Amino acid sequence: MEKLLTLWEGSGLYNLTPGQAVMILVGLGLLYLAIAKKFEPLLLVPIGFGGILANIPEAGLAISALDQAIEVARPAVLQQMAAALGATLDPLAGEEAWRATLKALVDNGAAPDQIRAARDIAMNVGYGDGLLYVFYSLAVASGIAPLLIFMGVGAMTDFGPLLANPRTLFLGAAAQFGIFATLFGAVGMSALGWMDFSIEQAAAIGIIGGADGPTSIYVSSVLAPELLGAIAVAAYAYMALVPMLQPPIMRLLTTRKERAIAMTQLRPVSKLEKIAFPLLLLLLVALFLPDAAPLLGMFCFGNLMRECGVVERLTDTAQNALINIVTIVLGLAVGSRLMAESFLALETLGIMTLGMVAFAIGTAAGVLMAKLMNLVSRMPINPLIGAAGVSAVPMAARVANKVGLESNPHNFLLMHAMGPNVAGVIGSAVAAGVMIKYLG
């Protein structure tokens, strides 16, 4: 009977907390949106599944060896770790108080060498880093996964529409206004006492407005790793909801006549232009803003492989096998941040709300910039393509094309919208570099 009781007390069901149950349901919800509704399935499937794994009680898949030992180790091990951390545990306090004390020391008070000594003790008694924790350390904490995805995106991107109509660069730049508007909004909410976001956290939240998942993850991992889970879910959720969120804003800010504007055929772009552009872009931006070099460098490298035409095998790997492998690891790593104790907080609701505001402002700014350019331009621009300035490639361009066809069935805007869409990717990377430069 005693063995059965021990087995029951060590089971996940016995140790399941209400928060973990809620987060498992959140993970199942993400899987439902990905599978049934086709909302960003390539990311939401691994993120949702990773969120479920991270909240399985006693499994320790998303935490380090040290954290596992603090949660479940015997009292003798806890005392050894306390000595390594330079603390003395009160013999009259219970085990739960000991665990809380050690957790607080690891999170806030202990020196790096003390934490390493305590981790060595945990590993020597048989605890190891969880699989998802290892994925997170290798892929996200190092910053390498978002950069590799940017390389893959670059290898799949055609700069032709942007080069054929360089004016659309301004539309991509205008759409980044949502990032900075939301930064100031988050700071204002914190000043009013509604939320408690630091300036670094506000900057990481604002990047959601660029509708660029890898950029959001990269900036969050640098400026606010504690908010990574909520920011990543918000970024990819809003990317998936582009077909629902953008059309009402586009229709509200334009007339039917404006939506029916036909744009002239784009000029052919030479191969030399396509090869030279990523090189010039990298040199111009990175020399003025080195903090944007990691994102833009990998993006331009991927695009150069595509356009030079002499490394087809590398291009194919970057477009397919590599980006797919990295996407799996990145999704599971982000899902590991969906742990109940960090995700179920008022700040998460604030992140989701501010992310929505950032995305809406970015969409509106792109449309309004196109209308402004029409006042001074001889060649009219359909304002709908301004909404594609958010860097949800190519979904935002498809939405602009679809809304345009509603007003003019013969007006195909897809290739025109790809110009600001690609410019938005560049703009979000530059915005990320600015944030990291001043706040990193």
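User: What volume does the second largest pocket have?

Analyst: This is a predicted model, where local features need pLDDT of at least 70, side-chain atom pairs count only at pLDDT 80 or more, and totals for chains, interfaces and linings use all residues. Residues are numbered from 1 along each chain as its sequence is written, and side-chain values use heavy atoms, with hydrogens and water left out. A pocket is an open set of points on a 1 Å grid over the protein atoms alone, where a 1.4 Å probe fits, with protein on both sides within 12 Å along at least five of seven lines, and its lining residues have an atom within 4 Å of a point. A volume is the space filled by probe spheres set on the points, which are joined across faces, edges and corners. Here, the second largest pocket has a volume of about 880 Å³.

User: Which residues lie nearest the centre of the second largest pocket?

Analyst: They are Glu40, Leu42, Val153, Met156 and Val393, out of 36 lining residues.

User: How many aromatic pairs does a search of the whole structure find?

Analyst: A pair of aromatic rings is described by the distance of the centres and the angle of the planes. Rings of Phe, Tyr and Trp (its six-membered ring) pair if their centres lie within 6.5 Å, and planes under 30 degrees apart count as stacked, over 60 as edge-to-face and the rest as tilted. The search finds three pairs; one of them, Phe159 with Phe277, is edge-to-face, at 4.8 Å centre to centre and 65 degrees between the planes. Ring pairs also link Phe150, Phe159, Phe277 and Phe299 into a cluster.
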